[in-house]
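Have a look at the picture first, then read on.

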Amino acid sequence: MEPIDEKAIRASFANCSKGEAKRISLPRELPELPWADMDFLGWRDPGAPDRGYLVAVRDDRLVGVTLRAPQGIRRGFTKTTVCSLCLTGHPGTGVCLLVAPRAGAAGRQGNTVGAYVCADLACSLYLRGKKQTGLRVPYEETLPLEDKIERTLANLDAFLDKVLAG
């Protein structure tokens, strides 16, 4: 992924108002992110842990969506869960349900789309082995990295299609 500046990120959000997009807390280390290892930009708001954001390139343009994590849900630390985007296995709370309001009128009526994804939205780094999940015995997949990336982007596109369908 090519580096993205603050203005482009804020302009990309499709499921919130321009005012809400202006108030989004962007990653502090934005210029230093490992852009070459990222297939999309995803982050959680450190000041509001129930909020997350995702920005991806679709049809040669940026599309951003706001996400929320339901409060009060406790997951067992002994279970392994799998991200629905990158299919990376995580122990305990490494995967969480993130819900996006639909774009347009449907979102204003309260309609949402949810997916179980890597809690820190670092799918790209897990795929490339740049970040570890904490599993004692990580799952080994024989699929080449390019195919894993293609599958992750296809899963992300399917999720974004549902959000943008409004």
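## Helix H5 and its neighbours

The buried residues of helix H5 are Lys148, Ile149, Arg151, Thr152, Leu156, Phe159, Leu160 and Val163. Keep in mind that this is a predicted model. What do those buried residues of H5 pack against? Their partners are strands E2 (48–58), E3 (61–68), E6 (95–101) and E7 (112–118), plus helix H4 (123–127).

As for the helix itself, H5 runs over residues 145–164, which makes 20 residues. From its first C-alpha to its last it reaches 28 Å, close to the 28 Å expected at 1.5 Å a residue.

## A cavity inside

How many cavities of 30 Å³ or more does the count give? The answer is one, and the largest cavity has a volume of about 50 Å³.

Its lining is made up of Leu54, Leu67, Leu85, Leu98, Ala115, Val117, Leu121 and Phe159. Phe159 is a name to recall, as it also belongs to the buried residues of H5. Sorted by class, the lining of the largest cavity comes out as eight nonpolar residues, with no polar and no charged ones.

Val117, one of the residues lining the largest cavity, sits in strand E7. For a sense of distance, take Val117 and Ser25: they are 92 residues apart in sequence and 20 Å apart in space, C-alpha to C-alpha.

Over in strand E3 you will find Thr66. Thr66 counts as buried because its relative accessibility is 13%. Again leaving out neighbours within four places in sequence, Thr66 is in contact with Phe13, Asn15, Cys16, Ile24, Gly52, Tyr53, Val99, Ala100 and Pro101.

## Cysteines without partners

How many disulfides does a search of the whole structure find? It finds zero. A disulfide is a covalent bond between the sulfur atoms of two cysteines.

Most residues other than glycine have a negative phi. Asp59, although not a glycine, has a positive phi of about 50°. Where is Asp59? Look in the loop between E2 and E3. With 72% relative accessibility, Asp59 counts as exposed.

Leu87 is another non-glycine with a positive phi, in this case about 60°. Leu87 lies in the loop between strand E4 (80–82) and strand E5 (89–91). Its relative accessible area is 41%, so Leu87 is partly exposed.

Terms used:
Residues are numbered from 1 along each chain as its sequence is written. This is a predicted model: local features need pLDDT of at least 70, side-chain atom pairs count only at pLDDT 80 or more; totals for chains, interfaces and linings use all residues. Side-chain values use heavy atoms; hydrogens and water are left out. On a 1 Å grid over the protein atoms alone, a cavity is a set of points where a 1.4 Å probe fits but cannot get out, and a pocket is an open set with protein on both sides within 12 Å along at least five of seven lines; lining residues have an atom within 4 Å of a point. Grid points are joined across faces, edges and corners, and a volume is the space filled by probe spheres set on the points. Ala, Val, Leu, Ile, Met, Phe, Trp, Tyr, Cys and Pro count as nonpolar, Asp, Glu, Lys and Arg as charged, and the others, Gly among them, as polar. Helices (H or I, at least four residues) and strands (E, at least two) are DSSP runs, numbered from the N terminus. The expected span of a helix is 1.5 Å times one less than its number of residues. Buried means under 20% relative accessible area, exposed over 50%, partly exposed in between (1.4 Å probe, protein chains only). Contact means heavy atoms within 4.5 Å. A disulfide is a pair of cysteine sulfur atoms within 2.5 Å.
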